[in-house]
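Open the model in your viewer and keep the selection tool ready. The tour starts at one side chain and ends with the whole chain.

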Amino acid sequence: MAKMWAGRTSGDTNKLADDFNSSIHFDCKMYKEDIKGSMAHAMMLSAKNIISQKDADALVEGLEGILNDLESGALSFDMSCEDIHMFVEEELTKRLGDVGKKLHTARSRNDQVALDLRMYLRGRIDTISSLVKELLEVLTNKASEHKATIMPGYTHLQRAQPVTFGHHLMAYAMMLLRDLDRLCDCRKRINLSPIGCCALAGTTYDTDRYFEAEKLGFDGICLNSLDGVSDRDFCLELLSALSILMMHLSRFSEEIILWSSWEFKFIELSDSFTTGSSIMPQKKNPDMAELVRGKTGRVYGDLMALLTTLKGLPLAYNKDMQEDKESIFDACDTAEMCLSVFVPMIDEMSVCESNMKKAAQGGFINATDLADYLVKKGLPFRSAYKISGQIVAKCISDGYVLDTLPLSDYKKFSDLFEEDVYEEISLETCVAKRISEGGTSVASVEKQIEYVKSKI
């Protein structure tokens, strides 16, 4: 098949070279964006009297026909075409003859592909952002149910201080809220139109770039034509935002995997989101969470691949940049798939409150509150810290926990101890007393929930 760019060369390339050069098998994803962008371009050409209104109407009608036929299945992609732009233009020319050949006036595939990609990613961001919002709604609902459910909080994976499960869930909600903010911020920089930059230097035609940008829902245009066709920062920024989002999902997955083990048994996942073993009948494996954790590395790889591709490219467009699409498409697909599974997995997760409470009762996680008790009685914190540590050692030696150590033993360490110490170091009191902004008290968790809901 003769190439539409044939002229300077014969256009007869080796079959291996054709296959190697072709991108239609992955950039066909952008067929809607390519066609809608071409419609706006035809309208602009007519508005600026570069082509006639009659020709523009024919182009728009022909493009609408191609779009409808692709979506109905009446037309299939021709995988022998080099890319989606060539496919649409060739199909249009088949239908309209020479009129179809006028569409490419005052543009290049360089600015056309940048336009398609920005439009496509804009839509993907909207879809992924909606899923993040769904997950935030699930988390806030679950946190509201468990705003008073006590569990051990950890540092270094060692029991540290008592918190509520609701408070723990809201930590992930805050992470996801930042992810949502990054996606929205990234979208702003994506939403600038490169069409009209042409190959690299603009065009001699009196075009109206703002006309096309407005028709396609952009906030403005790329102000330098070299930058407009060679910029892929928006892809890197989105890949970075998706990598951070996946890192958060991976951290959450790790905790879900731990919590659902018999060693913790803090939660139980729904049968719908677990698998069994082919040989061990007792197993209930958290495979979905493990896959999310594993797929995080895949998204990281997409980011590193594109960073590496772009790092040595001179201006302006280079064919290396064709490698941008598979990375960014894969990352979007992966993040969207993981979120789609994660939302119902968390929603259907059941919480083993008694196991959480039992774990919190061990590990001396109210030792800080014991020290604070002495401080409130007038003892310097460092002295109170030392006494509390000595009492913990005594409990471990004699088989007590702080709640069960006799008052007579407490008094051996300090006369400041009274009967009220037991109320002060109860887990419920420990949680309720965390009144500082952002703390684990029920009132604080409720405030965090309201904050997140107001943002989404």
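Select Phe-417. Phe-417 is buried, at 0% relative accessibility. Here buried means under 20% relative accessible area, exposed means over 50%, and partly exposed lies in between, with a 1.4 Å probe and protein chains only. This is a predicted model: local features need pLDDT of at least 70, side-chain atom pairs count only at pLDDT 80 or more, and totals for chains, interfaces and linings use all residues. Residues are numbered from 1 along each chain as its sequence is written, and side-chain values use heavy atoms, leaving out hydrogens and water.

Rings of Phe, Tyr and Trp (its six-membered ring) pair if their centres lie within 6.5 Å; planes under 30 degrees apart are stacked, over 60 edge-to-face, and the rest tilted. By this rule there are 12 aromatic pairs.

Now select Phe-264 and Phe-266. Their ring centres are 5.3 Å apart and their planes meet at 85 degrees, so this pair is edge-to-face. Go back to Tyr-410 and Phe-417 for a tilted pair, with 4.9 Å between centres and 45 degrees between planes. Phe-266 counts as buried, at 1% relative accessibility.

Zoom out to the C-alpha trace. Along its principal axes the trace spans about 100 × 55 × 40 Å. Of the 456 residues in the chain, 50% are buried.
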